[in-house]
Amino acid sequence: ALPIYSFSLAISARVPGLLAPANFNIGGRQYLAAFHGNSGTVVSNGGVPGTAAAPAIAQEVLVLYGIGFGAVNPATPAGQIASGQTALAGTFAINIGGLAAAVQYAGLAPGLVGVYQFNVVVPSGLPAGDHPVQYSLDGVAGRQTLFLPVAVADTGVAFTLTSSVGANGGVLSAEYTCDGPGSTIPLAWSN
C-alpha cells in the first residue's frame with residue numbers, strides 16, 4: 001500500500017506581485033519591469049540584458065504589470081480575457097524612493113487573462129539613481145524588494161536673452177515690426 005500524507009494548504013484570494021523577471025536581477029538587485037507609457041520601451045539603467053539605458057523621469061507615466069491583486073469592478077470571471085477598463089476592488093498604493101506615486105489606473109490589463117495593469121506617475125524630487133519601490137493593497141505591504149532606475153530630466157541650460165532696443169514690457173520700435181522695414185532685432189544672450 002502507498003503511504004498517505006496529510007497536509008494543510010492555505011488558499012488566499014489575493015497574493016499580489018508585480019512583474020520582476022529573473023533577468024531583471026542585476027548584481028543581486030531585483031528591478032521592477034516597468035514600461036515608459038509614451039513609448040512602451042523598458043525602463044532600464046542599461047544593466048538589463050537586451051535593453052538600452054532609459055531610466056524613468058519625474059512626472060512620467062509608467063506602466064506596470066502584476067498578478068494576484070484580487071477582485072475587480074466590474075467583475076471579470078477567472079480565465080476570461082479582460083475587455084475594457086476595470087478597477088481593483090482593493091486600494092493599490094505605490095511609493096518610489098519613499099515618495100507616493102499617483103496611480104492613474106489599477107485594474108485588469110485589457111486583452112490579457114489574469115494580468116493586472118498599473119499606470120503610475122513617477123513623483124518629482126527624486127535624485128538620479130536606483131530607488132526602492134514599495135506597494136500595498138488595502139494597506140498590506142507587498143512582499144517583493146524591488147528597484148526602479150530614475151534619471152533627472154534634462155532641463156537644458158538656463159540663459160538670459162537681452163536686446164539693446166526696447167525694454168522689457170516696453171513698446172518695440174516700428175523699425176523691428178511688420179509696420180516698418182522688418183529689421184532683425186539685435187539680440188545677445190548669456191548664461
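The paragraphs below go through strand pairing, aromatic contacts, salt bridges and selected residues in a predicted model.

Strand 8 covers residues 92-96 and strand 9 covers residues 99-108; the two run antiparallel and are joined by three bridges. Within this pairing, Asn 95 faces Ala 100 of strand 9. Two residues lie between the strands of this hairpin, and Gly 97 there has a positive phi near 60°. Strand 9 also pairs with strand 10, residues 116-121, again in the antiparallel sense, this time over six bridges. Here Gly 107 is the residue opposite Gln 117 of strand 10.

Two residues of this region can be compared by their surroundings. Gln 104 belongs to strand 9, and Asn 119 belongs to strand 10. Gln 104 has a relative accessibility of 53% and counts as exposed because the cut-off for that class is over 50%. Asn 119, at 16%, counts as buried because its value falls under 20%. Setting aside residues up to four places away in sequence, Gln 104 touches Val 61, Asn 119 and Val 121. With its own neighbours within four places left out, Asn 119 is in contact with Val 61, Leu 62 and Val 63, and also with Ala 102, Val 103, Gln 104 and Tyr 105.

The structure has seven aromatic pairs. One of them is formed by Phe 92 and Phe 118, which are stacked, with 4.1 Å from centre to centre and 25° between the planes. Phe 92 lies in strand 8 and Phe 118 in strand 10, so this pair links parts of the chain that are 26 residues apart. Phe 92 is buried, with a relative accessible area of 8%, and Phe 118 is buried at 0%. Both residues belong to an aromatic cluster that also contains Phe 69, Tyr 116 and Tyr 135.

Phe 92 has a further contact, with Ser 136. Ser 136 is located in strand 11, residues 129-137, and is buried at 17% relative accessible area. Beyond residues up to four places away in sequence, Ser 136 touches Thr 91, Phe 92 and Ala 93, together with Ala 141 and Gly 142.

Two salt bridges are found in the whole structure. In one, the side chains of Arg 14 and Asp 138 meet at 2.8 Å, N to O. Arg 14 is in the segment before strand 1, whereas Asp 138 is in the loop between strand 11 and strand 12 (140-141), and the two are 124 residues apart. Arg 14 is partly exposed, with a relative accessible area of 33%, and Asp 138 is partly exposed at 40%.

The other salt bridge joins Arg 29 to Asp 130, with the closest N and O atoms 3.4 Å apart. Because Arg 29 lies in strand 3 (residues 29-30) and Asp 130 in strand 11, the pair ties together parts that are 101 residues apart in sequence. Arg 29 is partly exposed at 33% relative accessibility, and Asp 130 is partly exposed at 27%.

The segment before strand 1 also holds Leu 9. Leu 9 is exposed, with a relative accessible area of 66%. Together with Phe 7 and Ile 11, Leu 9 forms a nonpolar patch on the surface, and the three have about 440 Å² of accessible area together.

The last stop is Val 165, in the loop between strand 14 (160-163) and strand 15 (187-190). Val 165 is partly exposed, with a relative accessible area of 22%. Not counting residues up to four places away in sequence, Val 165 touches Tyr 176, Ile 185 and Pro 186. Tyr 176 is eleven residues from Val 165 along the chain, and their C-alpha atoms are separated by 9.2 Å.

Conventions. Residues are numbered from 1 along each chain as its sequence is written. This is a predicted model: local features need pLDDT of at least 70, side-chain atom pairs count only at pLDDT 80 or more; totals for chains, interfaces and linings use all residues. Side-chain values use heavy atoms; hydrogens and water are left out. Two strands pair if DSSP finds at least two bridges between them. Helices (H or I, at least four residues) and strands (E, at least two) are DSSP runs, numbered from the N terminus. Patches are made of residues with over 30% relative accessible area and no salt bridge: like charges are joined within 9 Å, nonpolar side chains (Val, Leu, Ile, Met, Phe, Trp, Tyr) within 5 Å. Accessible areas come from the Shrake-Rupley method with a 1.4 Å probe; for residues, only the protein chains shown count as cover. A salt bridge is a side-chain nitrogen of Lys or Arg within 4 Å of a carboxyl oxygen of Asp or Glu. Buried means under 20% relative accessible area, exposed over 50%, partly exposed in between (1.4 Å probe, protein chains only). Contact means heavy atoms within 4.5 Å. Rings of Phe, Tyr and Trp (its six-membered ring) pair if their centres lie within 6.5 Å; planes under 30 degrees apart count as stacked, over 60 as edge-to-face and the rest as tilted.
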